[in-house]
Amino acid sequence: MASISPDIATRLKPDLIAVVSKIYRDFCNLQAGQQVLIISDARTPDFVIASFQGVAQSFGADAVRIECAIPAGGATYQPGAQWPAMLEAAAAKADLIIDMAVGYSELIVNALKNGCRVLCPGDGIGGPFMDDVLIRTILHADVDSVRKEADLVARRMTKAKSCKIITGPENDVLEIDLSGLEAVAADGYLWDPDRKEWKTNWAFLPPAQPGVLIPVGRGDGVVNVDATLLHHPVYHEKPDSPIKLTFEKGRLVAIGGATPLAATLENWLRGLEDDGAWNGPVHLNIGVNPNALLTQSQEWERVYGSITCGMGDLSLLGQLMGDVGFELSRSRVHWDWTVAQPTILLDGEVFLKRGKLFL
Ligand SMILES: [Fe+2]
């Protein structure tokens with residue numbers, strides 16, 4: 001289990017109103033008369049959902065909410081999940097979707113094709129302490145600095161041709177060819193508040209996890225995973241000692257390490273009988289939020305100085321981000337692993353070391 005217990009409230013924090021207002025104003029450029037659809041499930045407290053609805057109404061928007069069943073299997077199985085036709089119909093009418101339930105899905109792909117914008121306050125997943133996460137990582141963080149640093153990281157990664165990730169007491173190396181890849185800031189802003197123009201049509205909070213999508217076939221070497229493992233079924237689990245993953249040409253070929261989680265992961269993957277689930281890394285992202293923590297919220301992907309790599313499906317993410325121009329991995333599942341403080345060399349120069357970025 002993740003090692004930190006955040007504040008799980010039983011009442012509305014007044015601060016949540018301020019952070020939701022900031023999200024609508026600065027991240028979404030919400031205007032009067034727009035149609036806002038809030039998608040949720042029972043994992044998220046009602047006062048969080050009501051805050052998103054009420055604050056949107058205070059902007060003069062029409063805001064409705066639809067609560068779905070809790071999706072079976074959690075985030076890992078989002079690429080294969082089915083959603084009710086009623087939800088599809090409402091999504092087709094929305095200008096802005098606040099998604100606290102669906103994540104990677106055909107439903108969201110279709111909504112984007114209709115010109116809708118989508119913001120996921122919890123990375124496509126609801127949770128019992130989303131209020132705490134948003135207050136801590138947006139209201140109590142300097143998000144303008146986070147956004148600007150995310151832009152710098154994306155620019156540096158776009159320039160790089162090679163990436164070496166060095167982890168563990170034996171300084172194992174995982175090498176990823178970054179040539180020809182364009183990194184994105186992934187800072188959660190649909191709207192660029194500096195340029196006063198739209199930045200993207202689909203974004204995740206909290207900010208930020210700049211990074212790259214990786215084509216099939218790239219990634220060789222060994223990495224020691226010591227932070228979060230998102231796998232089956234809804235767990236974001238922290239190994240009690242590192243899991244050693246060995247890659248050859250963008251395929252996971254061996255799982256080692258003393259922790260029982262290594263065997264759990266291997267048994268789960270073998271049981272899936274899904275060849276694509278062994279593909280990876282399919283994305284590489286850098287956490288740049290100083291207030292993000294290793295909790296059971298996907299905020300762990302933003303922990304400052306950490307890296308998160310995805311495994312398995314990336315085809316839906318590719319559709320969500322538009323045509324990326326190369327082949328992306330396909331699977332029924334998407335899972336992730338995080339290293340807390342790796343050393344990263346870009347083209348032989350230190351880019352990240354001991355939780356500090358060199359930009
Ligand atoms: Fe991922």
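**Chatting through a predicted fold**

Student: How much of the protein chain is buried?
Tutor: In this predicted model, buried residues make up 51% of the 359 residues in the protein chain.

Student: OK, and how many helices and strands are there?
Tutor: The protein chain has eight helices and 21 strands.

Student: What radius of gyration would a compact globule with 359 residues have, and what does the chain have?
Tutor: A compact globule with 359 residues would be near 21 Å, and the protein chain has 19 Å, so the two agree. If you like boxes, the C-alpha atoms fill one of roughly 55 × 40 × 40 Å along the principal axes.

Student: What share of the contacts with a separation of 6 or more links residues 24 or more positions apart?
Tutor: That share is 70% in the protein chain.

Student: Switching to helix α1. Where is it, and what span should it have?
Tutor: Helix α1 covers residues 14-27. It has 14 residues, and at 1.5 Å a residue it should span 20 Å; its end C-alpha atoms are 20 Å apart, so that agrees.

Student: Which residues in α1 are buried?
Tutor: L16, V19, V20, I23, Y24 and F27. They cover an arc of only 135° around the axis, so they sit on the same side of α1.

Student: Last one: which residue just after α1 takes a positive phi?
Tutor: That's N29, with a phi of about 50°.

Note on methods:
Residues are numbered from 1 along each chain as its sequence is written. This is a predicted model: local features need pLDDT of at least 70, side-chain atom pairs count only at pLDDT 80 or more; totals for chains, interfaces and linings use all residues. Helices (H or I, at least four residues) and strands (E, at least two) are DSSP runs, numbered from the N terminus. The radius of gyration is taken over C-alpha atoms; the globule rule is 2.2 Å times the number of residues to the power 0.38. A residue is buried if 20 or more other C-beta atoms lie within 10 Å of its own, exposed if 12 or fewer, and partly exposed in between; C-beta atoms are placed from the backbone. Two residues are in contact if their C-beta atoms, placed from the backbone, lie within 7 Å. The expected span of a helix is 1.5 Å times one less than its number of residues. The arc is that of the directions from the helix axis to the C-beta atoms.
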